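Dear colleague,

I am passing on a structure to you with this email, and below it I have written out what was found in it. Please read the notes with the structure open beside them.

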Amino acid sequence: MGKPAQRVAELRRLIEDANYRYYVLDEPSIPDAEYDRLLRELQALEAAHPELADPNSPTQRVGTAPSAGFAEVRHAVPMLSLANAFSDEEVAEFVARITRETGDAEPVFSVEPKIDGLAISLRYEHGAFVRGATRGDGATGEDVTANLRTVRAIPLRLRGNAPAVLEVRGEVYMPKAEFERYNAWAREHGEKTLANPRNGAAGSLRQLDPRVTAKRPLSFFAYALGEVEGATLPPTHSQTLAWLRELGFPVCPETDTARGLDGLLAYYRKLGARREALPYEIDGAVYKLDRYDRQRAMGFVSRAPRWAIAHKYPAQEEATVVEAIDVQVGRTGALTPVARLRPVQVGGVTVTNATLHNADQVARLDVRVGDHVIVRRAGDVIPEVVRVIPERRSHDAKGRPLHPPYRLPDKCPVCGSAVEREEGEVVARCTGGLYCPAQRVQALHHFASRRAMDIEGLGERFITALVEFGYVRTVADLYRLTVEDFVEMKRRADERDGTVPETVKAGRIATKWAENLVAAIDASRNTTLERLLYALGIRDVGESTAKTLARHFGALDPIMHADEETLQAVPDIGPVVAARIAHFFAEPHNREVIAALRKAGVHWPEGPPRRSEEGPLAGKTVVLTGGLASMTREEAGAQLEALGAKVSGSVSKKTSFVVAGEAAGSKLAKAQELGIEIWDEARLLAFLREHA
Ligand code: 9MJ
């Protein structure tokens, strides 16, 4: 063997070993970066030496070229299905039957979670993975070898002494977290969501393009054998599972053994209590008579063994009827359509509402009032409608659906302000901003924050209480609050939370904090236009845009009256932000809040517009980096802006010059690399003096 061949073999072993430690032992051995490095080295070597290619190389897990379809595979040993038990009584009958027929008073069982995925069979010859197939009808399945190679939990080579032929059966599944992640991504990108992790696994394995499967985060647990040649099996199923683990197959860690009916029911309850916390979805517990000689004694009925049973948990999906579709408005103004349901038990909990996520999802599902739907509740995720049962939709005499397709309202159901949804955005939002009660806490919190109106001491806890008890509706109401209001608000909040302070119990009421708050609110009356603009919380109007607007227009009224075109003419304001600003000020509720702020005495200096076309630095973009001795960077920036410059935080080809102070780092290096003019502090000071 030449050197590359040796290294290739070594890399494959190292990578498969890391997979084994990660997926089977659950003890990651090397950092992801190291794993990626080994894989890249192997890829490079295989590319340079095509004669070393191997379909079972870990590099093949990224997926091969698409195929036209799946070949049929006949299972040498049929794949079994399990009989179900839906009650303790049915399990008791199962155990009694076994005791009666085997004479075993307290039989031992292998007890396993019933993983909700897709059953598959994996065939290994002399330790190498040669074929993988779906269960199909149990006798014949589909050849999905290329897709299964992409599932990292499935070993491509077995460890240790592998038999001549080994078929291993188990479940391919999509972990819950990956399922949620996938759906969040799909909703954001307008793609079809997966109904449940099981469909996620099934759909992924049915991809004709293995490269698509490779991107789906599937995993695998082994739980049964098919054909075996050249090995002597241990006498029990649980020992077989231990052997499979040694060979490199992940076995579900919740798997155990239990004795007699009591043992089975105790396992069922313990596993049920952990069901929601498990990282994969299960729909029951499986009990398998552990001893193979006893299994043979029990035999089969049709394709189901008489020595095993699946004890089901309450389903996580149920059918019910949509009685209405409402809209909830979140703290950021996002509108979420919610289905009001005919109450239904799902997984042991009564569900009356289910989220429809957003307008796109409603359109994709085509959910209408009156529809029969499947709702799903799993773990701590809010219940959701996963599909409509179309054949149960009601129609009128002419065969038309009784209800039209659902449309989101164009007015906010909470405050009546306009609803807008931007191009390319899935979320529709209320434009009520400051006025909308649903958005009050968030709007007030932002308004009071340090870089906005800077009301010291007015934190989220107080704001929430002020809103909940009705002391403030809009930001303007803050300016009417008295010391007495605050003291009373705090007393009510403490009473409600059961946290009455010792001082109050002792008959003393602290008021200093309230006086300080009222003083802080009063001080915030004296502000600047840019702070006010930022404080209003117009979406995408951050401090920098607020400053640009304030400088460009000089006063609030011209901004409030500017149309989108005028706003777009301002440097750095694009069409999206221009539209947001125009819509904000077009909303009568927002104008009322501004009028109320003025009336409450909030004021700011206004001046003539200062277009950046004016001044010696008009049209120049400047970056400040490093420390200056004579002033702060912010002060230097303000002086440069006063001369017409635009101050930016990052160096690019568009940068006119960089002011570099002490210990300037990467920005200076980048400027040097791009050949951009660099000023030291002395040059800056000279320039400022000259143009003062
Ligand atoms: C699942 N789905 O987790 C079996 N299964 O055994 C377990 N399925 C099974 N065992 C024989 N843990 C036929 C099916």
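**Two packed helices**

In this predicted model, helix α21 (residues 575-586) packs against helix α22 (residues 588-599) at an angle of about 75°, and their axes are 5 Å apart. Helices here are DSSP runs of H or I with at least four residues, strands are runs of E with at least two, and both are numbered from the N terminus; axes are lines fitted to C-alpha atoms, for helices over the stretch in contact, with angles from 0 to 180 degrees between N-to-C directions. The angle makes α21 roughly perpendicular to α22, a term that covers 65 to 115 degrees. Contact means heavy atoms within 4.5 Å, and here the contact is made by Phe 584, Phe 585 and Ala 586 of α21 together with Pro 588, Asn 590, Arg 591 and Ile 594 of α22.

As for conventions, residues are numbered from 1 along each chain as its sequence is written. Because the model is predicted, local features need pLDDT of at least 70 and side-chain atom pairs count only at pLDDT 80 or more, while totals for chains, interfaces and linings use all residues, and side-chain values use heavy atoms, with hydrogens and water left out.

**Strands**

An open sheet is formed by 4 strands in the order β22-β21-β23-β24, with parallel pairing, where two strands pair if DSSP finds at least two bridges between them. Its edge strands, each of which pairs on one side only, are β22 (646-648) and β24 (677-679). Within the sheet, β21 (residues 621-625) is joined to β23 (residues 657-660) by 4 bridges, and Val 622 stands opposite Phe 657 in β23. Helix α23 (residues 633-642) lies across β21 and β22, and runs at about 165° to β21.

Elsewhere, β15 (residues 335-346) and β16 (residues 349-355) pair in the antiparallel sense over 6 bridges, with Val 351 in β16 as the bridge partner of Val 344. Their hairpin has 2 residues between the strands, and Gly 347 takes a positive phi near 55° there.

**Cysteines**

How many disulfides are there? The count comes to 0, where a disulfide is a pair of cysteine sulfur atoms within 2.5 Å. For Cys 412, the nearest cysteine sulfur is that of Cys 430, 3.6 Å away, and Cys 412 is buried (under 20% relative accessible area), with a value of 4%. For Cys 436, the nearest cysteine sulfur is that of Cys 415, 3.8 Å away, and Cys 436 is buried at 0% relative accessibility.

Terms used:
Angles under 35 degrees count as roughly parallel, over 145 as roughly antiparallel, 65 to 115 as roughly perpendicular and the rest as oblique. Buried means under 20% relative accessible area, exposed over 50%, partly exposed in between (1.4 Å probe, protein chains only).
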